[in-house]
Amino acid sequence: MRVQVIVSYNGTNYAGWQIQPAVLSVQQILQDALVTMHRHPILIVGSGRTDAGVHALGQSFHFDTDMNLSTDVWERALNSQLPDDIVVRKVKEVPQAFHARFSAISKRYDYLVNVGEYDPLHYNLEYQLNRNLDLDAMRQGAQILIGTHDFSSFCANTFEEIPNQIRTVSHLEILEENGCIRFTLEGSGFLRYMVRMLVGNLIDVGLHRKSLEDLQVIMDKHDKTATSSIAPACGLYLVRVDYPEAL
């Protein structure tokens with residue numbers, strides 16, 4: 001049986017989603033919980049990586065199991081073993097054709113920036129910029145980024161690793177919420193650091209460090225050295241991963 005799990009986590013204490021040597025990852029914690037239940041190795045497959053310090057409201061992963069448990073029992077059994085900063089939200093039996101990464105058709109990320117006074121209670125949950133931003137300019141900049149483009153200037157992936165760095169950003173909205181700016185981005189897929197680099201450059205526009213023309217030039221260069229602006233990991237959230245209804 002193949003099982004899909006939706007999980008939320010605060011990424012502050014982890015070196016990211018993916019298992020890595022000698023550091024603590026979210027994937028390792030979840031996989032260890034499943035190994036305890038099964039008493040043999042279990043491999044979980046996530047929808048994609050989140051970096052160190054990045055959070056998730058709706059990360060998706062799958063695993064195969066020979067245990068015949070109801071979804072409610074799976075949820076309770078997993079949550080009973082997890083630390084306070086990771087929680088399973090939903091468990092669902094899925095067809096063998098389902099793949100948490102390759103079946104995904106879109107993802108939504110949110111990025112939070114505190115433009116009000118410094119908030120020590122949210123220092124690891126929002127980027128504490130604590131400065132006003134020109135929202136009109138940033139919204140104009142967002143229009144440059146929406147659509148299907150070569151985003152190679154806005155990511156850390158090498159061309160050897162991923163030759164085709166064309167991606168589609170279908171939605172990029174910037175909202176003001178009680179002293180906090182929320183960037184909402186949806187697309188078919190995102191490259192390494194892509195969301196944080198897009199947000200970082202839009203913040204530069206909002207601070208009048210870059211013009212709209214500068215943003216367009218960076219886009220058109222297709223050059224890894226075109227910009228070094230990247231927003232801190234603490235403000236980024238993987239909100240949702242979407243799949244075809246058939247799955």
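Q: What do buried, partly exposed and exposed stand for?
A: Buried means under 20% relative accessible area, exposed means over 50%, and partly exposed lies in between (1.4 Å probe, protein chains only). Arginine 182, at 22% relative accessibility, is therefore partly exposed. This is a predicted model, in which local features need pLDDT of at least 70 and side-chain atom pairs count only at pLDDT 80 or more, while totals for chains, interfaces and linings use all residues. Residues are numbered from 1 along each chain as its sequence is written, and side-chain values use heavy atoms, with hydrogens and water left out.

Q: How many salt bridges does a search of the whole structure find?
A: Side chains of opposite charge can pair when their charged atoms come close. A salt bridge is a side-chain nitrogen of Lys or Arg within 4 Å of a carboxyl oxygen of Asp or Glu. The whole structure holds 10 salt bridges.

Q: Which parts does the pair of aspartate 110 and arginine 182 tie together?
A: Their side chains form a salt bridge, at 2.8 Å from N to O. Aspartate 110 belongs to strand 5 (residues 106-114) and arginine 182 to strand 9 (residues 180-187), so the pair joins parts 72 residues apart in sequence. Strands (E, at least two residues) and helices (H or I, at least four) are DSSP runs, numbered from the N terminus. Aspartate 110 is buried, at 2% relative accessibility. A network of salt bridges links Arg108, Asp110, Glu177 and Arg182.

Q: Is aspartate 204 buried or exposed?
A: Aspartate 204 is buried, at 8% relative accessibility. Its salt-bridge partner is arginine 209, with the closest N and O atoms 3.6 Å apart. Arginine 209 is exposed, with a relative accessible area of 55%. In another salt bridge, arginine 240 meets aspartate 242 at 2.9 Å, N to O; arginine 240 is partly exposed, at 29%.

Q: At what angle do the axes of helix 4 and helix 5 cross?
A: Axes are lines fitted to C-alpha atoms, for helices over the stretch in contact, and angles run from 0 to 180 degrees between N-to-C directions. The axes of helix 4 (residues 194-206) and helix 5 (residues 212-221) come within 9 Å and cross at roughly 155°. Helix 4 is therefore roughly antiparallel to helix 5, a term for angles over 145 degrees.

Q: Which residues make the contact?
A: Contact means heavy atoms within 4.5 Å. Helix 4 contributes Asn201, Leu202 and Val205, and helix 5 contributes Leu212, Leu215 and Ile218.

Note on methods:
Parallel < 35°, antiparallel > 145°, perpendicular 65-115°, else oblique.
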